[in-house]
Amino acid sequence: MATAPGSGSHGPMASPRVLRTQVGIIGAGPAGLLLARLLSRRGVDSVVVENRSRAYVEARVRAGVLEHATVELLEEAGVGERLHSEGLRHDGVHLQWPGERHRLDFVDLCGRSVWVYGQTEVVKDLIAARLAAGEPLLFDVRDTAVHDVTGDRPRITWTDADGTATELHCDAVAGCDGFHGVSRHAVPAGVRRTWERTYPYAWLGILADVAPSTDELIYAWHPDGFALHSLRSPTVSRLYVQVDPDERIEDWPDERIWEALARRLATPGWTLRAGPVREKGITPMRSVVTEPMRHGRLFLAGDSAHIVPPTGAKGLNLAAADAWLLAEALAAALVDGDERLLDGYGERALRRVWRATHFSWWMTSMLHPATGPGADAFDRELQLAQLRYVTSSRAAAASLAENYTGLALDR
Ligand SMILES: Cc1cc2nc3c(=O)[nH]c(=O)nc-3n(C[C@H](O)[C@H](O)[C@H](O)COP(=O)(O)OP(=O)(O)OC[C@H]3O[C@@H](n4cnc5c(N)ncnc54)[C@H](O)[C@@H]3O)c2cc1C
């Protein structure tokens, strides 16, 4: 990060501090942090600005399932060590409905696995690597704004944690600021196109200090609603139940959650271990895709351009794939002067996004029954028919396995 000549003092009325870098990155989530790391490995400078504190970003509990290709990317980024020592390789998942539980063996079906390693840990590793390399990563900034993205000299402005107004001049801006960020809105409404599907249910998720009752994830269809038994480590479990989108978390004391989980996950000869709940929250389920992912010198990556319901475990993995595609394209443009990959970035990223959007919608539609009075019995029978098919046909199981473990990056 260079301070431009002529930048002034930082009093309230002073002109802003002016910085210069090659790529300005908004957001220190998985997309922004991984992009910064991959760019650095390709000899491209960047500055990352984040409006939350480091502690907040490192504690935000979200995803936990890493595709094969995401693991390879984290290795390439030089942050694979703790993942391999503390993460858990999973070679399959269980699908169940009342009275039946079936295992899909990913290695047998498609030759790949996934890794269970919390997003919090991925983010901690990437932040530590960036700071250890002495590369700029600014937390607690305010009023981030993007300017002049259709010209050659785009800018990002913000106010630093100490109140200093700052202006960053760059060759390209990467909007990695998630679904509630500002970057997407820098694409004019007349240019932006959004596809959206809101599902009529939500997930109530808990993180519990109890040894998992399973060594691989269990996806359970139940007439009361879907349940998922996931995990974070040998001593920490992550579990979810389907609830109505307007449920209030206060109406779900821990005992009610454990009771719902035990009923929906029940299978003969198996018991669910309950324990202290460390954290709980309700997440709405929706699919959103925004196009274009490039507008002038602004490039969107991760949740700022698309979100998926968590059933397919794809959000973090899509963010990582975007970061890789964008790092390759920016390095080709800024190091070798070849803009062709940048021109194709949006189209290449969206191909993968729509595939994952379809898979996430398909898993969600198969596993979440309508509940309550008037629930559609026809739909339920279709869901059960699909579950029986996917657990009995090798071709159908292989398709699920291939999508769940993730398609190869477009290398
Ligand atoms: C409960 C839950 C469970 C999930 N489970 C899975 C799963 O199992 N597998 C999976 O792959 N995905 C899962 N996801 C999705 C996954 O967490 C997201 O897709 C992932 O975080 C996207 O990364 P990102 O970097 O694009 O966005 P984010 O992680 O949202 O990061 C964006 C960053 O930008 C910052 N920011 C926002 N606005 C500004 C601003 N104006 N200025 C500066 N900084 C800003 C934010 O504070 C944040 O740090 C889950 C999500 C949730 C909520």
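**Entry 1. Second largest cavity.** I sorted the lining of the second largest cavity by residue class. It divides into seven nonpolar residues, one polar and no charged. I then listed the lining by name: Pro30, Leu34, Thr70, Leu74, Val122, Leu126, Leu316 and Ala320. Helix 1 (30-41), helix 3 (68-76), helix 6 (119-132) and helix 8 (315-336) are the elements that give two or more residues to this lining. The space inside is about 40 Å³. I am working on a predicted model throughout.

**Entry 2. Largest cavity.** How many cavities of 30 Å³ or more does the structure hold? I found two. The largest has about 90 Å³ of space. I wrote down its lining: Glu67, Lys314, Leu318, Arg352, Arg355, Ala356, Phe359, Asn403, Gly406 and Leu407. By class, I get four nonpolar, two polar and four charged residues here. Which helix gives the largest share of this lining? Helix 9 (residues 340-367) does, with four residues.

**Entry 3. Ligand shell.** Next I looked up what surrounds the ligand. I count 33 residues around the ligand, and the closest are Glu50, Arg60, Gln119, Asp303 and Leu316. Leu316 is also on my list for the second largest cavity. The shell divides into 13 nonpolar, twelve polar and eight charged residues.

**Entry 4. Ligand oxygens.** I checked side-chain N or O atoms against oxygen atoms of the ligand. For Asp303, an N or O atom of the side chain is 2.7 Å from a ligand oxygen. For Arg62, the distance to a ligand oxygen is 3.0 Å. For Asn317, I noted 3.4 Å, again from a side-chain N or O atom to an oxygen of the ligand. How much of the ligand does the protein bury? Taken alone, the ligand exposes 1000 Å², and the protein buries 89% of that. Helix 1, strand 18 (236-243) and helix 8 are the elements that give two or more residues to the shell. The largest share, four residues, comes from helix 8.

Entry 5. The order is 8-7-16-17-18-15-19-22, and the pairing is mixed. Why is one side of strand 8 and of strand 22 left without a neighbour in the sheet? Strand 8 (100-105) and strand 22 (306-307) stand at the edges and each has a single partner strand, so one side of each has no neighbour there.

- Strand 17 (residues 227-233) and strand 18 run antiparallel and are joined by six bridges. His229 stands opposite Leu239 in strand 18.
- Strand 15 (residues 193-208) and strand 19 (residues 277-291) run antiparallel too, with 13 bridges between them. I looked up Arg197 and found Ser287 in strand 19 as its bridge partner.
- Strand 19 and strand 22 are joined by two bridges, and this pair is antiparallel. Val289 has His306 in strand 22 as its bridge partner.

**Entry 6. Cross-check.** I went back over helix 8 and strand 18. Helix 8 gives two or more residues to the lining of the second largest cavity. Helix 8 also gives four residues to the shell around the ligand. Strand 18 gives two or more residues to that shell, and strand 18 pairs with strand 17 in the sheet.

Note on methods: Residues are numbered from 1 along each chain as its sequence is written. This is a predicted model: local features need pLDDT of at least 70, side-chain atom pairs count only at pLDDT 80 or more; totals for chains, interfaces and linings use all residues. Side-chain values use heavy atoms; hydrogens and water are left out. On a 1 Å grid over the protein atoms alone, a cavity is a set of points where a 1.4 Å probe fits but cannot get out, and a pocket is an open set with protein on both sides within 12 Å along at least five of seven lines; lining residues have an atom within 4 Å of a point. Grid points are joined across faces, edges and corners, and a volume is the space filled by probe spheres set on the points. Ala, Val, Leu, Ile, Met, Phe, Trp, Tyr, Cys and Pro count as nonpolar, Asp, Glu, Lys and Arg as charged, and the others, Gly among them, as polar. A residue is near a molecule or strand if one of its heavy atoms lies within 4 Å of it. A polar contact is a pair of N or O atoms within 3.5 Å; within protein, one must be able to donate a hydrogen and the other to accept it, and residues adjacent in sequence count only if both atoms are side-chain atoms. Accessible areas come from the Shrake-Rupley method with a 1.4 Å probe; for residues, only the protein chains shown count as cover. Two strands pair if DSSP finds at least two bridges between them.
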